[in-house]
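Here is a short briefing on one protein chain. Look over the fold first, then go through the points by topic.

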Amino acid sequence: MSFDLVIFDCDGVLVDSEVISCRAHAETLTRHGYPITADGVLKRFLGVSDREARQIVEIEIGRRLPDSFEAEVKQATLSFYADDLNAIAHVGDAISALAMPKCVASSGTPEKIRHGLSCAGLYDQLAPHIFSATQVKRGKPAPDIFLFAAEQMGARPERCVVIEDSVHGVTGARAAGMTVLGFHGGSHCTAEHEDSLRKAGTAATFADMRELPGLIDRIGAGAFAD
């Protein structure tokens with residue numbers, strides 16, 4: 001017996017986009033009086049929704065960012081995507097090898113998710129089952145997006161396995177009552193990344209998408225052995 005639903009995060013799990021997204025955010029934030037590097041954005045906001053990251057910055061600087069901020073970040077991100085975005089190695093084959101239903105639950109906006117998956121050649125494999133944190137009240141690390149995705153897909157939370165690359169994502173999926181596998185094969189992952197995912201509560205970690213189908217089978221067999 002295995003899981004009924006596989007829920008993929010998008011950035012850093014399906015598309016190797018975290019470094020690109022952090023660069024776009026860093027350049028835009030710096031331009032608006034919040035100096036920060038791409039590495040700083042990665043460390044502070046990995047897995048946090050754009051909406052909540054903006055709220056954190058506005059509290060720190062004591063003023064609102066301009067209404068055009070999201071559009072500026074989006075424009076920079078999409079521009080970088082066109083030249084630099086790639087799918088995570090072997091993820092397309094891994095998706096194809098999974099016989100159970102699959103969906104995406106991401107902190108990104110619907111437009112960003114769609115564009116990223118399209119640029120990486122993955123959109124048709126996963127559409128239309130693509131869900132954004134903009135569809136729920138709270139983003140990761142709250143469990144809302146995971147529970148929403150499971151509900152939309154007709155799956156019980158305890159029968160879902162989530163593939164995540166961030167501590168915020170692992171925390172949210174665990175709070176939803178789901179099993180989590182931590183992926184640390186993206187270009188943004190440091191030597192400490194695997195350990196941070198383990199400490200957050202993953203059932204297992206892996207760095208090569210070719211391992212995913214077998215890993216899901218093994219974890220599922222153990223989880224539902226009784």
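Helices (H or I, at least four residues) and strands (E, at least two) are DSSP runs, numbered from the N terminus. By that count the chain has eleven helices and six strands. The radius of gyration, taken over C-alpha atoms, is 17 Å. The globule rule (2.2 Å times the number of residues to the power 0.38) also gives 17 Å for 226 residues, so the chain is as compact as a globular protein of that length.

This is a predicted model: local features need pLDDT of at least 70, side-chain atom pairs count only at pLDDT 80 or more, and totals for chains, interfaces and linings use all residues. Residues are numbered from 1 along each chain as its sequence is written, and side-chain values use heavy atoms, with hydrogens and water left out.

**Whole chain**

- The C-alpha trace spans about 55 × 35 × 30 Å along its principal axes.
- Of the 226 residues, 54% count as buried. Buried means under 20% relative accessible area, exposed over 50%, and partly exposed in between (1.4 Å probe, protein chains only).
- Contact means heavy atoms within 4.5 Å. Among contacts with a separation of 6 or more, 69% join residues 24 or more positions apart.
- The chain carries 22 positive and 31 negative side chains. Lys and Arg count as positive and Asp and Glu as negative; His and the chain ends are not counted.
- The centres of the two charge sets lie 4 Å apart. Each charge is placed at NZ of Lys, CZ of Arg, CG of Asp or CD of Glu.

**Nonpolar cores**

- A nonpolar core is a set of buried Ala, Val, Leu, Ile, Met, Phe, Trp, Tyr and Cys residues joined through side-chain atoms within 4.5 Å.
- The largest one has 38 residues. Leu-117, Ile-163, Leu-181 and Met-209 have the most contacts inside it.
- Helix H11 (residues 212–223) gives the most to this core, with four residues.
- Another core, of 20 residues, lies apart from it; Phe-146, Ala-150, Ala-176 and Met-178 are among its members.
- Beyond its neighbours within four places in sequence, Met-209 contacts residues including Val-13, Ile-88, Ile-163 and Phe-183.

**Strand S3: Phe-131**

- Phe-131 sits in strand S3 (residues 130–132). Its relative accessibility is 7%, so Phe-131 counts as buried.
- Leaving out residues up to four places away in sequence, Phe-131 touches Cys-103, Ile-113, Ile-145 and Phe-148, among others.
- Glu-111 is 20 residues from Phe-131 in sequence and 11 Å from it in space, C-alpha to C-alpha.

**Buried helix positions**

- Gly-172 belongs to helix H9 (residues 167–175) and is buried, with a relative accessible area of 0%.
- Thr-28 lies in helix H1 (residues 18–31). Thr-28 is buried, at 0% relative accessible area.
- Past the residues up to four places away in sequence, Thr-28 touches Phe-69, Glu-72 and Val-73.
- Asp-144 is part of helix H8 (residues 144–153). At 15% relative accessibility, Asp-144 counts as buried too.
- Setting aside neighbours within four places in sequence, Asp-144 contacts Val-136, Lys-137 and Arg-138.
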